[in-house]
Structures are given as C-alpha cells and as structure tokens.
Amino acid sequence: MLIRIMKQIKIICILIILFNCSDRDKSLFISDSFVNLKQREGLTIIKNSTLDTINLSGEFFNYLPYDATPFKVSIAPNQKDTLKFNFAYPDNIYFDSPHYLRIFNGPGRILYCDISSFESKSANIAFSGDFSDINDYFLAYHNQMGNQLEQNRPYFITGDTLKDFNKFPTIADSVSRLSLTFLSKYDKALPDWFRKHESWRLKYLSGFLKYNVPLTKEFYGGQKINVSKDYFSFARDLPLESRDMILNTEYLWYTHFTLREQTKNLISTGKYDPQISLIDSLYGSKEVGDILKMQRLSFIHTESKRKYDSLYQSTTFSDFSKKKILDSLIKAKFGLPLVGKTVPLITLIDREGKNVSIIDYRGNFIIVNFWATWCGPCIKEFPYDNEIHQKYKEKGLFVVNICVDSDINQWRSVSKVKNLTTINLFSSPDQYKSISRDFDINSLPKSLLLDSNSFVLDNNFRRASLLTLDDLNGIINRQKR
C-alpha cells in the first residue's frame, strides 16, 4: 500500500513540476518587517466626520490558522472608534456595509481613516499613518470601478448564470484583466513592492476562484459541476511559490485548492496526509513549505481535532518554531468552550416555540451539532444524527442540533423537508453573536461532546457520519461509570 502511495506522489510531482520556482533571495514574501507569524495587533482608527451616525460592519479573515472575526461598530458624528485585529501578514479588512470597502492593514501598524461622506456608491475617506497610500488606491478602485467589481462578487455573479463551466476560466481572466488594467493605469505613488504584490494577488484571486466558484455552486445547489480535464490548465501559469509577494489570503487559498486538486484521488488518514507529503516533495526545507504546512494543518483541525493532533505529531518542519506557533495559535483561537468546564449557558427555542436550554438534558451525554440552512454538509449529516439520537437516547446519549446564521422560516422548512428528528433548536441573529464567540464557530458543521454534568469533553467532536459503533458504545459505557 505504501509503495503504491509513494508512486502516486511521484507521478503528481512530475505532473506539477512547473510550479517550482528557482531559488532566489528572500523578498517581501516572508520579510520580518511585514510578516509576524505569531500575529501582532494592527489598529484601524476610524473617525466619523459626517453629520450622521455611521454604521460599519464586515469581517476580518486570518488563515494561519483560519479564523473569521465579524465586527459591527456605530460611530456618532465627530467621534472615533478603533478596529483591533491580529494580523500575520498585511491583508484586507472587508466591509459589507454600507459599501463593499476594503481597508488594508498589517501586523503592528496603525492606520487612520477620516470618513467625510458616504454616497450611494462611493465614499470620501482621508487616510493617514501606515499604508495610507495603499488605502488611497483601494478607495480609488472602489469609487471608480463600483461595487460590482468589489471583492469576489463578479466571479460568483457570473458563475450563477453559467451552464457550461468550461467557459468560466476565460470569463474569470477577463474580470481579472479589468482590475490589472486599473492597477497599471493608477498614476499616484505606490510602493514598488505593493505594485508587484497587488498584481500577483489579483492573479491568485482569479486562480483561486476558478476552483472555488464551481465548488460553491455545487455546495449550495447540491448538483455536481462537471468540467473537462483542460479546465485546470490555468494552474500552469501560476506558481505555488512566488518570492515577489507577501503572504496574503488569495495566495493561501490558491495553494490550498491547487494542492487539493493534485491529491484528490489520495486518501488522508490520521497518520498520512497526501497534501503534506506533496508539500514535502515540492519544497523540502524551504520556508514556504513550512507556511503551507501551517495552513494545511489548520484546515485539518477544522475537520477533526483528533486527526490534527495525530498529524501534528508526525509532520516535520524545517523551522520547528513555526510548528509551535501554529499549535499555540490554534489552542488560543479554538479552545472554546474550554474542555473540562461547564458548557456556556444558552436558551433557545424549539420547533414549538418553547424555550429550551442544553442543560435541561443534564444527566445524559449530549452531542451538540451547530448547522445552518445554507450548509450542505451539515444537512447531509441529518440521517446520521437522527439514527444516533433515536437509537441511543434511551441509553443516555442525546443529539441536539442548533441552527445558526439562518432565517427562522427556512430553519422550520429545512427541518421538516429533511426530516430532522433530533432535539432541534434555533438561535436568533443576536443569540448567534454570543454563540459564535463562546463556541468558537469559525466553520460549519461543528460539534461538541458533553458529559452528564454538562462539562465539555470535546470542543471539536467528529461529525455523526464519522462516528463508529465503538465510538458510540464508548460514550455509553462512560455514561454508565
């Protein structure tokens, strides 16, 4: 078996040898002046110089490890507020209201934003401090190109209308060219490093979305998107290593999907992961290999803490400090609710409108599943959730499904259509804010295992479909002790 796996890895390496770049001196790619893998707080100070209160909301994403932090601030006229996020590398803070704005900041930096007006499709903001010239560029892009070209929207809007997805790479390239042309014609001063970085960022964005848009359409639509073998030929033009850029979201997403595509026929286990093996084969002791392993292990943790723990022990890093940094960040970010402590108290409504709390079921072991009506993988777990709940509830093991980030009517409809028969609770948008924080919900589905005293035994429990008979009997036997 091991010989066959190694042969497969060898074939993969031959297929994607074009991704390797020649060794060059380090550039800003992982320069200490721009990157802090331990993460360092960056401050974005916003002043409201308009005559009205402004309400700003959005999200900040970090990918080493993956973490999505929503924010919402309300600033009265002539007042200030500060957004504080921990950055590993310079990246964008994304706003979804009142505009699809981007604010660029980085580790240890301080940026000042003085908002003088918000029009229907444009904004007037004076930037000062760190990265002010770069934020002038992003604001000019926003005001001139409009909301339709902000963030990833045009790619997904196009994807929603396509019947033949083999045409999507060409369309994505045409969208990317619009942004690249804007960059090339932008005549105000920008740092040389940023022009290179932004050019690469836009190319990696287009590459990443060529993978992601059809997968997203499959996720929400529930139907397989078929493409030809030539669909992925775009990857030949984008290297997995680029020394002319700083780490950023688009680069990390692109590498994740490219490695995933190249190893899709290989099976990941608790002791072997094909992507990590491929990274070793491609990069050896190069520092970029450590970065990509940090990212891969981070994604594995979102799937299974047990698998992460096993692979973390067996994965080698050229710089052991990066391995320790990743583990400390994951423990700090995803350690809630604390194992061994009582589960946070939440009271939600069931399908009859009655108030129900998890601790109402104290005396039983409980599997808590967080899900959403838009989450296809969550809904696919329902038959397994139902089976466990019906088979084991008389033995002292209950399954509680909590719907989050969803419309209440859609919750009722999906629950009925998909025949969810576990204890089924709903969280309002306001309740979800605290639940997201107290339970570290950064991706769905997410599950917990609670003991009969409502203490947390596992804050990243496996999905029901992955639980074995031995797992379930082990819980029951523990309940009897």
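The model is predicted, so local features need pLDDT of at least 70, side-chain atom pairs count only at pLDDT 80 or more, and totals for chains, interfaces and linings use all residues. Residues are numbered from 1 along each chain as its sequence is written, and side-chain values use heavy atoms, with hydrogens and water left out.

**Salt bridges**

Side chains of opposite charge can pair when their charged atoms come close. A salt bridge here is a side-chain nitrogen of Lys or Arg within 4 Å of a carboxyl oxygen of Asp or Glu. The count by this rule is 13.

| Glu241 | Lys286 | 3.5 Å |

Take the pair Glu241 and Lys286, with N and O atoms 3.5 Å apart. Helices are DSSP runs of H or I with at least four residues, strands are runs of E with at least two, and both are numbered from the N terminus. Buried means under 20% relative accessible area, exposed over 50%, and partly exposed in between (1.4 Å probe, protein chains only). Glu241 is buried at 2%. Lys286 is buried at 19%.

Lys322 is buried, at 6% relative accessibility.

Asp438 is partly exposed at 26%; Arg437 is exposed at 53%. Elsewhere, salt bridges with shared partners join Glu198, Arg201 and Glu250 into one network.

**The open sheet**

The sheet has 7 strands in the order β10-β9-β13-β12-β11-β14-β15, with mixed pairing. Two strands pair if DSSP finds at least two bridges between them. β10 (355–357) and β15 (456–461) are the edge strands, each pairing on one side only. From one strand to the next, the twist averages 30°.

Strand β9 (residues 347–350) runs antiparallel to β10, joined by 3 bridges. Leu348 has Val356 in β10 as its bridge partner.

Helix α13 (residues 408–417) lies across β9, β11 (365–371), β12 (397–403) and β13 (423–426). Helix α13 runs at about 165° to β13. Axes are lines fitted to C-alpha atoms, for helices over the stretch in contact (heavy atoms within 4.5 Å). Angles run from 0 to 180 degrees between N-to-C directions.
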